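I opened this notebook to record what I looked up in one structure. The entries follow the order in which I went through it.

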Amino acid sequence: MRTAECNMLMQVILELRSEIRGMKDGLDSKIDQVAKRVTEAFQGFGILDPDEELWTEQQVCERYHVSRRTMYEHRKSGRIPFIKTGSGKNCKIKYRKADVIEFFSTLNA
């Protein structure tokens, strides 16, 4: 191979290398954008909110668009675990976030 051919081949290789780096940077940027959107979506559903381990009945009803009566029926039948604090009118019903997510994912499957 002559020097001119070798130089031309090296130039083509350098151009390809530059194009590949540009594609990689673009792909990395797209992946970062998608990861950010997915993270924001999960946070909106309370999946990635580390401060929220327990949800009130109202939070569950709002997130999953169900009535309090529906949640009562699920509790009464034993389909969803819950935590009851207090008694009578001062009673508070709470649900573990993981239990709620699992319950509604199997309910809709």
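**Entry 1: helix α2.** Helices (H or I, at least four residues) and strands (E, at least two) are DSSP runs, numbered from the N terminus. I then listed the buried residues of α2, which are Glu57, Val60 and Cys61. Buried stands for under 20% relative accessible area, exposed for over 50%, and partly exposed for what lies in between (1.4 Å probe, protein chains only). These three cover an arc of only 100 degrees around the axis, so they sit on the same side of α2. The arc is taken from the directions from the helix axis to the C-beta atoms. Just after α2, I noted that His65 has a positive phi of about 50 degrees.

**Entry 2: basis of the values.** The model is predicted: local features need pLDDT of at least 70, side-chain atom pairs count only at pLDDT 80 or more, and totals for chains, interfaces and linings use all residues. Residues are numbered from 1 along each chain as its sequence is written, and side-chain values use heavy atoms, with hydrogens and water left out.

**Entry 3: helix α4.** For α4 (residues 97-107) I found Lys97, Asp99, Val100, Phe103 and Phe104 buried. Seen down the axis of α4, they fall within an arc of 160 degrees and therefore line one face of the helix. Glu102 and Thr106, on the other side of α4, are exposed. Among the elements that cover the buried residues of α4 are β1 (54-56), α2 (57-64), α3 (68-77) and β3 (92-96).

**Entry 4: aromatic rings.** I counted 3 aromatic pairs in the structure. Rings of Phe, Tyr and Trp (its six-membered ring) pair if their centres lie within 6.5 Å; planes under 30 degrees apart count as stacked, over 60 as edge-to-face and the rest as tilted. Trp55 and Tyr64 have ring centres 6.4 Å apart and planes at 50 degrees, so this pair is tilted. Trp55 is buried at 0% relative accessible area, and Tyr64 is partly exposed at 22%. Tyr64 and Phe104 have ring centres 4.2 Å apart and planes at 5 degrees, so this pair is stacked. That pair links distant parts of the chain, with Tyr64 in helix α2 and Phe104 in helix α4, 40 residues apart. Ring pairs join Trp55, Tyr64, Phe103 and Phe104 into a cluster.

**Entry 5: a charge over a ring.** I found Arg75 over the face of Phe82, 5.6 Å from the ring centre. The criterion is NZ of Lys or CZ of Arg within 6 Å of the ring centre and within 35 degrees of the ring normal.

**Entry 6: salt bridges.** My search of the whole structure gave 6 salt bridges, each a side-chain nitrogen of Lys or Arg within 4 Å of a carboxyl oxygen of Asp or Glu. In the bridge between Arg68 and Glu57, the closest N and O atoms are 3.2 Å apart. Arg68 lies in helix α3 and Glu57 in helix α2, so the pair ties together parts 11 residues apart in sequence. Arg68 is exposed at 60% relative accessibility, whereas Glu57 is buried at 8%. Glu73 bridges to Arg69 with the closest N and O atoms 2.9 Å apart; the two are 4 residues apart in helix α3, about one helical turn. For Arg96 and Asp99 the closest N and O atoms are 3.4 Å apart. Salt bridges that share partners join Glu57, Arg68 and Arg75 into one network.

Notes: Contact = heavy atoms within 4.5 Å.
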